[in-house]
Amino acid sequence: MRSPLLFPVLAMVMLAGPVAQAQDEGPRQLGAPPTMPPPSRPRTAPAPRQLEAVPVAPPDSTRRATVTAPLPAPMPAPASEPVYAPAAPGQLPGNNTRPTRFQVGLKNGMLYNAYDVEMKTPLFGRSYLLLDGQRRFDLTEIGFYEDESGHYVRTMLPGSSRETTLRRDKTGRISLYSITSAQYNSGPGGFGYPGYGMGGMGMGGFGMGGFGGYPYGGYRTVKTEYFSKDNGPIQSLNSRNLMLATRDNAGAQQLLAESRRFHQATVASYVVGGGLLVAGMLQTLRPTESGRAISPLIYAAVPVLIVPIVLQSKQVNNQRQAIALYNSSR
């Protein structure tokens, strides 16, 4: 009884589907091309998922601290080959050959190497250099030479037309040279004047008078110093010349200004001490009723004359510091 009703219902449902679809699409014109369905909306890509941060392990408090002290340098390996052959019994080690030690430069540009250089000063005749006991050169031909005592140059001194030999004491932008000579002082006791140059602001001859014994004079050794800037002409070593040569260095100028003040104080001390000494000697030689007695002015002059010795050492020290400072700067 139920089957005859089931078939008519299914037929109505199947026919109602196309009709409803036609009503939704709307009327279609004849001869018109079929309409394209509307494009579908693009799907938005999902945002990239951020990776989770890698967890950082907490510092291990129980881990030992790294030793940062440098390791000791390895000991050098011993030489694989001997430096020289061992000596046979009864013989000296090493060899008896020696390299060239000294150089002698002539004014014409020739350069000679020698093992031995000697200065010969005969009683009659001119001085000369003897190289290795064979080759001989007159001093007028020599520009410079070396021997066991140092390096020497032949040049003319300031204000002189004759050549002399100077020893090089220090090298640098400002090189120091000197010449040593013995001078006789005819003053009482060999005291005389100290070896302190009055030409310019500084040293002319460096050294104190010798003591020849009262009332006779004596010999003294005087070391006269000079300098040369950048291998230029020889100049007298004094504060005035050094200040002109080191104008491009403020530190050296300050030291030389102090040296100049020490020089002025030294000259004043000599003048005062010399005046007291002369006045004391006049009073001592003047006869009095009680006889001759040593004037107290002589005792007062002694400490005044000692002051320049201290000031002179300070002046020389400042000059040496200024030269060293200038040579160390570029």
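The model is predicted, so local features need pLDDT of at least 70 and side-chain atom pairs count only at pLDDT 80 or more, whereas totals for chains, interfaces and linings use all residues. Residues are numbered from 1 along each chain as its sequence is written, and side-chain values use heavy atoms, with hydrogens and water left out.

The chain has four helices and 11 strands. Helices (H or I, at least four residues) and strands (E, at least two) are DSSP runs, numbered from the N terminus. Of the 330 residues in the chain, 26% are buried. Buried means under 20% relative accessible area, exposed means over 50%, and partly exposed lies in between (1.4 Å probe, protein chains only). The accessible surface comes to about 24,900 Å². Carbon and sulfur atoms account for 60% of that surface. Accessible areas come from the Shrake-Rupley method with a 1.4 Å probe; for residues, only the protein chains shown count as cover. Contacts (heavy atoms within 4.5 Å) were also counted. Among those between residues at least 6 apart in sequence, 51% join residues at least 24 apart.

Strand β1 (residues 102-106) is mostly covered, with four of its five residues buried. Strands pair if DSSP finds at least two bridges between them. β1 runs antiparallel to β2 (residues 111-114), and four bridges join the two. Here Val-104 stands opposite Tyr-112. The β1-β2 hairpin has four residues between the strands, and Gly-109 takes a positive phi near 100°. β1 is also joined to β6 (residues 142-147), by three bridges and again antiparallel. In this pairing, Gly-105 has Phe-144 as its bridge partner.

A further hairpin is formed by β7 and β8, with six residues between them. Six bridges join β7 (residues 150-156) to β8 (residues 163-170), and the strands run antiparallel. His-151 is bridged to Arg-168 in β8. In the turn, Gly-159 has a positive phi of about 75°.

Most residues other than glycine have a negative phi. Asp-230 is not a glycine, yet its phi is positive, at about 55°. Asn-231 likewise has a positive phi, of about 60°. Asp-230 is placed in the loop between β10 (218-229) and β11 (235-236). Asn-231 is in the loop between β10 and β11. Asn-231 is exposed because its relative accessible area is 68%. Asp-230, at 45%, counts as partly exposed.

Other loop residues were examined. Thr-246 sits in the loop between α2 (239-245) and α3 (250-285). With a relative accessible area of 1%, Thr-246 is buried. Beyond its neighbours within four places in sequence, Thr-246 is in contact with Ile-174, Ala-252, Gln-253, Leu-256 and Tyr-326. Tyr-115 lies in the loop between β2 and β3 (117-120). At 34% relative accessible area, Tyr-115 is partly exposed. Its C-alpha is 9.7 Å from that of Gly-133, a residue 18 places apart in sequence.

The structure holds nine salt bridges. A salt bridge is a side-chain nitrogen of Lys or Arg within 4 Å of a carboxyl oxygen of Asp or Glu. Lys-120 forms one with Glu-118, the closest N and O atoms being 3.4 Å apart. Lys-120 is partly exposed at 27%, and Glu-118 is partly exposed at 30%. Asp-169 and Lys-223 meet in another, at 3.9 Å from N to O. This pair links distant parts of the chain: Asp-169 is in β8 and Lys-223 in β10, 54 residues apart. Arg-173 and Asp-230 are bridged at 3.2 Å, N to O. They are 57 residues apart, with Arg-173 in the loop between β8 and β9 (174-185) and Asp-230 in the loop between β10 and β11. Salt bridges that share partners also join Lys-107, Arg-154 and Glu-163 into one network.

An unreviewed UniProt entry annotates residues 262-282 and 294-311 as "transmembrane region". UniProt positions follow the numbering used here, feature names are shortened, and annotations may be inferred rather than shown by experiment. Residues 262-282 are 100% helix and 0% strand, with end C-alpha atoms 30 Å apart. Residues 294-311 are 89% helix and 0% strand, and their end C-alpha atoms lie 28 Å apart.
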